[in-house]
Amino acid sequence: MNFEQKYHVIGIMSGTSLDGIDIVKCVFIKRNRWEFHIEKAYTSKYNMIWKKKLKNLHLKNNSEIQKVNISYGELIAKEILNFIKKYKLYVDIICSHGHTILHEPHKKITLQIGCGQTIARITKKKTITDFRSLDVQLGGQGAPLVPMGDLLLFKEYKYCVNLGGFANVSIKTKETIKAYDICPVNFILNFLSNKLGKDCDLNGYLAKAGKLNTDLLQKLNNIPFYKQPSPKSLSREWVEKNIFPLLKNTIPLKDCLHTFCEHIGFQVGSKLKNKEALITGGGTFNDFLINKIRSHSKSKLIIPGNTIINFKEAVIFGLLGVLKLRNEINSLHIVTGASQDSSGGKIYTY
């Protein structure tokens, strides 16, 4: 006899694009397989003070980082309470990825801020955070972690691609999975758009107005990372070292945007060789970028509804928290390169 197990969860995600705090209320049900239902979802946009604070926090000392860790936890907690109150939600646990400040797994360093104890104290809810550090201590990349959710919640797709600050892909074969970060996406596209006075390149209009620079494209595609085998992951630190120097030249910004979209299109599209690919993340709304990916892909690209596009990662971190609560594996060594599978995360009670 199969007994139904149900969890009412709030999942929290903040990506490197600094769009805001993604908050989703999900119900997870364990029957023969995991099922989920999204009740409500909302993105709390960052004001300019928080954008600047999070963008530059890696340059501060440990004392300042810890202060912001707590104040950012307070911000998340208040947003959660407002979310619960507004929609009259029932919640068992909160699962927060937080916001990544440092990620250098080769140095055994990864830090996602948003103090779990602070969130638990203010919300009066059991809170799970810090999903990456255990995997890093076990010699892994601490990323990507989303593939566990792709395996359990989105079994029907051969490929799951997220176009966030960075692109990552999960590739499934029967019951096994291979996954890795592919290339920067919105981290660079938003950076270039900001220089043109825009928050982002809506629908890719700015990129479309530019021209392809074949010299820049060749330099981008020749970056050694792209030829490295997985497991592998990307970070702000990697971008600063490998991408920014290539963009410091006299090429017009719109040409840079156009060329970088072509670069993303090739790097992502060439990985999608057959069957169906589920595409999510903010980059999905960039029509010019999607067409570039499609031109290099042999897969059928599946664009879901806006809720899944925007909140799939928050949903999955909700599931990772449930798995941690159940003391079940939520990080796969075959994906991250760690010495073993693990159940990552820290549980805080109020």
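Helix axes here are lines fitted to C-alpha atoms over the stretch in contact, and angles run from 0 to 180 degrees between N-to-C directions. The model is predicted, so local features need pLDDT of at least 70 and side-chain atom pairs count only at pLDDT 80 or more, while totals for chains, interfaces and linings use all residues. Residues are numbered from 1 along each chain as its sequence is written, and side-chain values use heavy atoms, with hydrogens and water left out.

Let's start with a helix pair. Helices (DSSP runs of H or I, at least four residues, numbered from the N terminus) H6, residues 186–195, and H11 pack at about 170 degrees, their axes 10 Å apart. That makes the two roughly antiparallel, a label for angles over 145 degrees. In contact (heavy atoms within 4.5 Å) are, among others, Ile 188 and Leu 192 of H6 with Phe 260 and Ile 264 of H11.

What about disulfides, meaning cysteine sulfur pairs within 2.5 Å? The count is zero. The sulfur of Cys 160 is 15 Å from the closest one, in Cys 26, too far for a bond. Cys 160 is buried at 0% relative accessibility, where buried means under 20%, exposed over 50% and partly exposed in between (1.4 Å probe, protein chains only). Cys 200, partly exposed at 38%, has its closest cysteine sulfur 12 Å away in Cys 261, again too far.

Definitions and conventions: A disulfide is a pair of cysteine sulfur atoms within 2.5 Å. Angles under 35 degrees count as roughly parallel, over 145 as roughly antiparallel, 65 to 115 as roughly perpendicular and the rest as oblique.
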